[in-house]
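Subject: Structure handover

Hello,

Here is the structure for your files. My notes follow below it.

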Amino acid sequence: MNTKALPLAGKAALVTGGSRGIGAAIVRRLARDGAAVAFSYAASADRANALVAEIEAAGGHAVAFKADQAAAHEVRHLVAQVHAALGQLDILVNSAGVFVTGPVDDAATDVAALDRQFDVNVKGVATAVRAAVPLLRDGGRIISIGTTGAVHIPFAGAADYVASKAAVAAYTRGWSRDLGPRNITVNLIQPGAINTDMNPDDGPFAETLKNMTSLGRYGQPEEIAAAVAFLAGSDASYITGATLNVDGGQSA
């Protein structure tokens with residue numbers, strides 16, 4: 001791979017939750033753009049190893065680490081491992097997340113699952129950022145993956161999920177103030193309906209979700225990855241504390 005012309009050559013990135021779906025697309029794109037990429041996975045070791053092999057075969061550099069995003073000590077250890085393995089850290093992408101629904105008036109709701117969702121989606125992100133900040137080089141990038149549901153909720157039962165993502169949106173704005181003096185930018189991408197295993201574009205909710213968009217279709221994970229790559233690159237050096245909706249007009 002000729003790294004001289006690649007926009008992220010010489011950079012090192014950590015992508016949490018990078019073994020599948022949007023996270024895997026982000027790992028592929030950052031590696032394609034020249035970054036050395038480490039990513040975490042919760043359970044799917046086979047997928048993680050296959051992704052590493054794919055990137056290495058294409059001439060890139062990737063490494064995978066198992067970590068539970070809900071366990072603060074594992075997240076801190078993950079960041080330390082990544083820094084040791086790559087020798088530096090320039091980009092942190094908070095992609096790991098879980099999606100648990102349940103109306104607030106449903107007595108049968110699995111409250112423990114909702115609590116774990118908050119631990120992964122909010123505490124896990126905050127822990128990763130706190131652990132990464134002392135290691136990030138000046139001029140680094142922090143990019144988190146949220147949801148357009150944090151702004152507009154078109155159906156019942158998702159309050160806990162979207163609240164967790166809205167918390168990350170607020171953190172993003174606040175962290176941009178904290179880290180601005182070091183030229184570390186902090187931004188949020190809010191996807192709409194994206195074609196993944198959990199929400200396929202031929203699934204039971206597909207037509208409803210497609211009709212909510214201006215473009216009349218689902219997005220692809222690679223379209224989220226493209227936005228991440230832009231925010232990770234030098235052309236986005238004056239963008240921080242921002243929220244970018246990548247949703248085909250769903251929030252228009």
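First, a definition: a residue is buried under 20% relative accessible area, exposed over 50%, and partly exposed in between (1.4 Å probe, protein chains only).

The model is predicted, so local features need pLDDT of at least 70, side-chain atom pairs count only at pLDDT 80 or more, and totals for chains, interfaces and linings use all residues. Residues are numbered from 1 along each chain as its sequence is written, and side-chain values use heavy atoms, with hydrogens and water left out.

**Overall**

The chain has seven helices and seven strands. Helices (H or I, at least four residues) and strands (E, at least two) are DSSP runs, numbered from the N terminus. Their order is β-α-β-α-β-α-β-α-β-α-β-α-α-β. Of the 252 residues, 47% are buried.

**Aromatic pairs**

There are two. Rings of Phe, Tyr and Trp (its six-membered ring) pair if their centres lie within 6.5 Å; planes under 30 degrees apart are stacked, over 60 edge-to-face, the rest tilted.

Phe-99 and Tyr-161 are edge-to-face, with 4.7 Å centre to centre and 85° between the planes. Phe-99 sits in the loop between strand 4 (89-94) and helix 4 (111-132), and Tyr-161 in helix 5 (residues 159-179), so the pair links parts 62 residues apart in sequence. Phe-99 is partly exposed at 45% relative accessibility. Tyr-161 is buried at 14%.

Tyr-171 and Trp-175 have ring centres 4.5 Å apart and planes at 10°, so this pair is stacked. They are four residues apart in helix 5, about one helical turn. Tyr-171 is partly exposed at 28%. Trp-175 is buried at 9%.

Best wishes
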